[in-house]
Structures are given as C-alpha cells and as structure tokens.
Amino acid sequence: GETDFRFSLILFGGYVKMAGDQVGDESASDPRSFLAKPRWQRLIIAAAGPAMNVILAIVLVTGLFAVRYPKIPVVNSPTVGFVAPDSAAAKAGIREGDRILAIDEIQNPTWEDIALKEVGSANRPMAVLIERGADKSQEIVQVTPTLDDRNGIGMAGWSEQMTVQVAQVEPGMEAQRVGLKKGDTLLEAGGQKVLSTLKLQDIFRQGEGKPVELVYERDGKRESVMVSPQKSTIEGQSQWRIGVRLVSPVTYVALPLPEAFSESVKANWRNASLIFGSLQGIIERRMSPKSLAGPIGIAQISTEAAREGATSFISLMAMVSLNLAIFNLLPIP
C-alpha cells in the first residue's frame, strides 16, 4: 500500500518514520499526517513505543521469576566483608565487620540498596551510619565513591560479608591440581577469614604468588590445601588466580504469577532508578557516559550473557528494553 518498507544491506538497528512527522515534509499537508493530529493523539503515539518497552521488561522478568526466582536472604543492615586498601570506603574509616544501618535517606538498607547508591554517586559524598564492635557503637562517616574509568560508575571499594562457595573449577589450573571441587565452601586463606570473593583476591595479591594455605569445608568436614596463585590477565586487568569461579549460595524457587509480577515491577523500578541516577551523574559531570552502553556495547554484553545461560540473557534483555523506554522519552535527538 502506501507504506514504504526498506531492507538494508547492513542489519544495524531498526527505525520507523511516520508521514509528516517533520515540518516541511511532502506529506505534512495530508490530514492523516502526524503533525496534522491533535496534540493528545501525538502524545499517545510518542508514548506507545516506550510503553511497550516497559511492558516487555515487566513481562520478561515476570516470566523469569515464575520459573526461577533467586531467593537471596534479605539482610537489613548488612555487614561489610571486605574493604579495599586506599579505596573510598577505607579513606572514610570503614572497616571489615562494620554493619551499615543507613545510607543517605535509606534506613536499614539491603546490600542491593547500597550498591545502587554506590554506582550512582561517583564523586558525591554519601552519609553512612555504621555500627561497630561488641559495644555496638554508632558513627556517621562520609563515603565518596570514586569514578571507575573502565565502567564509568561509582566505586566505594567495599563488599558485603557473605559465604564464599566454589561454583566452577577451571581445567588445568591450580584449584583443579589441589583437588578443589564445585560446592566447596572457602573458610580461610593465609590465616585470614574469607568473607568475600574480593577478600580472597586481596590475600592472593598481597602474597604475590607465594603458597597460601586454603581452608575449606566439604560435606561438613573441614579440610585444607596449599595453593600457589598464578598471575593472569582478565579483561585487561592483572590478577592472581587459582582457577575458580566463586559465588554466594543462592536458592532458586518458582513464584506464583501474582507474586512474580509484583517482584518484577519492583526489580524494574530499581533498574529505572539506577538508569536515572546514572543520567543525573552524567549531567552533573560526576560520571562518565561510558556507563551507558551503545549498540556495540549491548551486543558484547548480550553475547556474554548468552554464554552464562537463559536467566542472564533474559534479565539483560529486560534491562535493555527498560533502557530504551527511558531514553526514547527523553527530549534529546
């Protein structure tokens, strides 16, 4: 009919152009053209695409949670398990074992609340109320996350205290040689408690490849081995590694559809808040536009997510759809 379809040689993105959507178009005088319609109709048309993106994001995550919902224990006032040397958290006086009671206006935050605040607060102080020691003394400190040049987001240099478990052992690496297996829970390394994956990396870094005694638990029994970390480069960063992928144990459950929908709306709201926080940081020149991935960046991340499995891929697609909804509503070209 009157619709002009185009199939491009380079399949890079999709686009649609409505008749008479720009002043001076040949069809601008047609009563059916976009600019000839009342403002309220133009508003509905402009909002229809972003609305479908939001709906798609909610539907994808609802379907995912109805099959596989990560039942992570919600711990209010979480405990800091690791503080990187010379990091923003270390300079503010945060120590391992401190409990975070509040961060800015958020009382009894979960670690997810803390992480969302952290990434969107590059070069902006956060008021953190901590509880320390057996006497449970409280103190307010100012933590100012630094800008991570690689990812363009705020980093405070801390991580949550958690159980560290082996999820995968790489063939031919030190961990396989000494007999570590999937499901082993790491307890100590070099005489220090392992309460975070970053803590283990820091212990290896301090040892600079020297043998380290690793204490772990398997089937309720406490065992130990000597490991010699090897230096390797991962995504441009040099690290001491033994060849294990570490996770915090998570139980997955299937949620009833109404509950899955409710959790999906909450998750998408948190993601939208993160996107708006990043935009605010870029406008205020506290953060880098690197935190916003373009088509090529999305393609790279999608490939990585696809390798990790359907759960990661669906979660990423929902995030991309939500991202598109927000950006298509912004008054920018």
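**View 1. Ala-102 and its bridge partners.** In strand E4, Gln-107 is the bridge partner of Ala-102. Strands (E, at least two residues) and helices (H or I, at least four) are DSSP runs, numbered from the N terminus. The model is predicted: local features need pLDDT of at least 70, side-chain atom pairs count only at pLDDT 80 or more, and totals for chains, interfaces and linings use all residues. Residues are numbered from 1 along each chain as its sequence is written, and side-chain values use heavy atoms, with hydrogens and water left out.

View 2. E3 (residues 99–103) pairs with E4 (residues 106–107) in the antiparallel sense, over two bridges. Pairing requires at least two DSSP bridges between two strands. Two residues lie between E3 and E4 in this hairpin. Asp-104, in the turn, has a positive phi of about 55°.

**View 3. E3 beside E5.** E5 covers residues 126–132. Its pairing with E3 is antiparallel and runs over four bridges. E3 is mostly covered, with four of its five residues buried. Buried means under 20% relative accessible area (1.4 Å probe, protein chains only).

**View 4. The protein chain around these strands.** The chain has eight helices and 18 strands. Its C-alpha atoms fill a box of roughly 80 × 45 × 40 Å along the principal axes. Of its 333 residues, 33% are buried. Contacts (heavy atoms within 4.5 Å) between residues at least 6 apart in sequence join residues at least 24 apart in 59% of cases.

Note on methods
Buried < 20%, exposed > 50% of the residue type's maximum accessible area, 1.4 Å probe, protein only.
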